[in-house]
Amino acid sequence: MQIALDLAASALFITSPNPRVGCVLVAADGQVIGQGHTQRAGGPHAEIMALRDAAARGHSSVGATAYVTLEPCAHHGRTGPCCEALAAAGIAKVVGAITDPNPLVAGNGFARLRAAGVEVVVCAPQDGGEASRELNIGFFSRMVRRQPWVRLKAAMSLDGATALPDGSSQWITGEAARADGHHWRARACAILTGVGTVLADDPALDVRYVDTPRQPRLVVLDSQLRTPAQARIFAAQREVLIYTRSDDSARQAALEAAGATIVRLPGQASADSNARIDLAALMQDLGKREVNELHVEAGGILNGALLQAGLVDECLFYLAPKLVGQGLPAFAGMALQQLEQAPALDIRSIEPLGADWRVLARVQGHGAF
């Protein structure tokens, strides 16, 4: 199962919106005869890759045991049901790490295998189930909550500033931290930012520091369609979604000509009386668009608003050993009335990256779905 999990992890950047799955075929004598992981959406799943690998090596799969990090699918989607392929290949036993949360599967894959005479064993959480779930936390979130797993990234000084008062921010953290940030970008289905960041920094917000066969979609919150058509966000080959409340047809046409897809969502009243995009509605819409993991790289206003709305699941903080003083705060949009309202975090890991530190923390109560 650990080999299968490693295979699944090697598919971190490619399977979206499908889950990352690995499969290992083991003969009755204990020999590994085939292995594989899920390919890009529309391509073969892990089980098919493992069966093909065994055949290419000259091995028969009859009587073998398949170790799979997620329940084999039982429906016709972009590909056929993997449970049928395993049974047809003569697999005698399937050891699955965890049940697929997809309502189209949800135990049906295991049931159909048993009905075909295949022995099925579902692992305990500590034997692979929890590791598989964590690897696919965004997929589980979308299947169960109908919205993405939201990971908020912020690079800041030790006193919580993301930039100087004039907006200067290059670079608060070092190159190792920036490269690590691109790794987290690459695994996401989409990157979310606000128009304020686009106007202030003109960032590319693409993946450059790591090799990846795809660029995540970019999502921009822009109530008034102020995004410049010549912005750098349009340089990468990817889908750009701009969520707005504006009905300015001229601006919409210019942005669509630049490659954007314009999405209108309802507004939500804010303290300054200007209606902003409804963030909860945004998450539901992104879930419908098959976004599993949403990686947020935005300014303090949007960061704070997402946190205060309870829509952030996980925080990815890069802390530089610097003190900025009167800088731009990372969470300016969060205005609490009582200390008890402050989002509480569970620290998952703290890792050094050059002179900086990466802190991965989960908002308490999130992930239990």
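**Entry 1: two Phe neighbours.** A reminder to myself: I'm looking at a predicted model here.

**Entry 2: another aromatic pair.** I looked up how many aromatic pairs the structure holds, and the count is three. One of them joins Trp149 and Phe369, with ring centres 6.1 Å apart and planes at 55°, so this pair goes down as tilted. The cut-off for edge-to-face is over 60 degrees, and stacked needs under 30. Where do the two partners lie? Trp149 belongs to strand β6 (residues 149-157), while Phe369 is in the segment after β18 (356-363), so the pair ties together parts that are 220 residues apart in sequence.

Trp149 has a relative accessible area of 0%, so I call it buried. Phe369 comes out at 25% relative accessibility, so it counts as partly exposed.

**Entry 3: Gln252.** Next I went to helix α9 (residues 249-258), which is where Gln252 is found. Is Gln252 buried or exposed? Its relative accessible area is 17%, and buried means under 20%, so Gln252 is buried. I then listed what Gln252 touches, leaving aside neighbours within four places in sequence: Leu225, Ile262 and Arg264.

Entry 4: I traced Ile347 to strand β17 (residues 345-353).

**Entry 5: stepping back.** Time for the whole chain. I noted 11 helices and 18 strands in the protein chain. The C-alpha trace spans about 65 × 45 × 40 Å along its principal axes. I wondered how the radius of gyration fits the chain length: with 369 residues, a compact globule would come out near 21 Å, and the protein chain has 23 Å, which agrees.

Of the 369 residues, 51% count as buried. The chain exposes about 16100 Å², and carbon and sulfur atoms supply 51% of that area.

Last, contacts. I took those in the protein chain with a separation of 6 or more, and residues 24 or more positions apart account for 69% of them.

Key. Residues are numbered from 1 along each chain as its sequence is written. This is a predicted model: local features need pLDDT of at least 70, side-chain atom pairs count only at pLDDT 80 or more; totals for chains, interfaces and linings use all residues. Side-chain values use heavy atoms; hydrogens and water are left out. Helices (H or I, at least four residues) and strands (E, at least two) are DSSP runs, numbered from the N terminus. The radius of gyration is taken over C-alpha atoms; the globule rule is 2.2 Å times the number of residues to the power 0.38. Buried means under 20% relative accessible area, exposed over 50%, partly exposed in between (1.4 Å probe, protein chains only). Contact means heavy atoms within 4.5 Å. Accessible areas come from the Shrake-Rupley method with a 1.4 Å probe; for residues, only the protein chains shown count as cover. Rings of Phe, Tyr and Trp (its six-membered ring) pair if their centres lie within 6.5 Å; planes under 30 degrees apart count as stacked, over 60 as edge-to-face and the rest as tilted.
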